Every structure is written in C-alpha cells, then in structure tokens.
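Let's take a walk through this structure together. Keep the viewer open and follow along.

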Amino acid sequence: MNEEFEQLFAAAQAAQKNSYAPYSRFFVGSALITPEGKIFSGCNVENASYGLTICAERNAIFQMIAAGEREIKSLLVMGSTDRFLPPCGSCRQVIAEFADPGATIYLCNQEGKFEIATVGELLPRHFKLLENSNKK
Ligand code: THU
C-alpha cells in the first residue's frame, strides 16, 4: 500500500515514545521525508513554563535543518488520540517555509488511520519574505 506512509508512521511512532508531555499527557510524534528519501522525526517537548513547549512537527523540521537538509516532501503528524491530528497553526507556518504548497501532510491517529491534505490547503497564502527561502 502506501510505502511512504508506512515509513513515516513507524518513525513518528518511535519518536512519540520519547515524547515529554507530563503536563498535557498528550503525546505527539512527527516524521518527514525529503525528496532524496531522508527521514527525520521528532516528538513534543513540554516545559514547566508552558509557552516554551515545542511541537513534534517543529522538532522534526529542526532536526532536518540541523542535518543540512532544506526541503520537506511529505510530513506526518500523529498523537495519542483517535482523531486525525492536524498540525497546529504555528507549525503550518514553519512547514510552509520548507515545503511546496503541493507537499503532502498525513493527519494521522494513534492506530495509523489517516487523512491527507496539502500544505497549501492547510495554510493558503502563507506569509513569506523571500520567494525562494527554502533553497540553500
Ligand atoms: N502539540 C504538538 O506537538 N503538535 C501539534 O500540532 C499540536 C500540539 C503538542 C504541544 C503540547 O505538548 C501538546 O501537544 C498539547 O498541546
């Protein structure tokens, strides 16, 4: 079936196991794949000063950047819920920095069921300063 989805779900699930969420008890995992097939993953990391919390999607994206990559082909987000988890508004803006409007987002639940949306559907007309800000 969808091999890309299977790879991303496995990576996100593994990251979710390391989620640090003692305050919300809402455990999130995310994984992305680059056009060359490299996979990066992340979990949410909360803080006693709540506003310092970082979402799983941004954690995964920042791992990608630190490794020298600059482009998201597809990204998956899943959480400890039956609902298909959509990326939060802040993460949508960060995703849009590094993905084409047609890039795939998998909105996934705990059991591995999902819906697909594009970046452009989730955040149309996103803010940008540079036309090619996702290029090295
Ligand atoms: N969270 C994410 O990791 N990604 C999202 O897109 C939504 C929210 C996390 C942040 C916080 O640790 C917990 O979920 C509850 O908001």
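Predicted model: local features only at pLDDT ≥ 70, side-chain atom pairs only at ≥ 80, totals over all residues.

**Around the ligand**

Residues are numbered from 1 along each chain as its sequence is written, and side-chain values use heavy atoms, with hydrogens and water left out.

An N or O atom in the side chain of glutamate 57 is 2.5 Å from one oxygen atom of the ligand, and a polar side-chain atom of asparagine 44 lies 2.9 Å from an oxygen atom of the ligand. On its own the ligand has 370 Å² of accessible area, and the protein covers 78% of that; such areas come from the Shrake-Rupley method with a 1.4 Å probe, and for residues only the protein chains shown count as cover.

Which residues surround the ligand? They are Ser24, Phe26, Val28, Asn44, Glu46, Thr53, Cys55, Ala56, Glu57, Pro86, Pro87 and Cys88, each with a heavy atom within 4 Å of the ligand. By class, this shell has seven nonpolar, three polar and two charged residues. Here Ala, Val, Leu, Ile, Met, Phe, Trp, Tyr, Cys and Pro count as nonpolar, Asp, Glu, Lys and Arg as charged, and the others, Gly among them, as polar.

Now turn to helix 2 (56-66); helices (H or I, at least four residues) and strands (E, at least two) are DSSP runs, numbered from the N terminus. Its buried residues are Ala56, Glu57, Arg58, Asn59, Ala60, Ile61 and Met64, where buried means under 20% relative accessible area, exposed over 50%, and partly exposed in between (1.4 Å probe, protein chains only). These buried residues pack against strand 1 (28-33), strand 2 (39-43), strand 3 and helix 3, contact meaning heavy atoms within 4.5 Å.

In the largest nonpolar core, which has 18 residues, Leu32, Ile61, Ile72 and Ile95 touch the most other members. A nonpolar core is a set of buried Ala, Val, Leu, Ile, Met, Phe, Trp, Tyr and Cys residues joined through side-chain atoms within 4.5 Å. Leaving aside residues up to four places away in sequence, isoleucine 95 touches Ile61, Ile72, Leu75, Pro87, Ile105 and Val119. Another core lies apart from the largest one and has eleven residues, including Ala12, Leu76, Tyr106 and Cys108.

What does glutamine 16 touch, not counting residues up to four places away in sequence? The list is Phe27, Val28, Gly29, Met78, Gly79, Ser80 and Gln110. Glutamine 16 lies in helix 1 (residues 3-16) and counts as buried because its relative accessibility is 9%. Its side chain makes a polar contact with the side chain of glutamine 110 (3.1 Å); a polar contact is a pair of N or O atoms within 3.5 Å, and within protein one must be able to donate a hydrogen and the other to accept it, while residues adjacent in sequence count only if both atoms are side-chain atoms.

Finally, look at arginine 25, in the loop between helix 1 and strand 1. Its phi is near 55°, a positive value in a residue other than glycine, and arginine 25 is exposed, with a relative accessible area of 56%.
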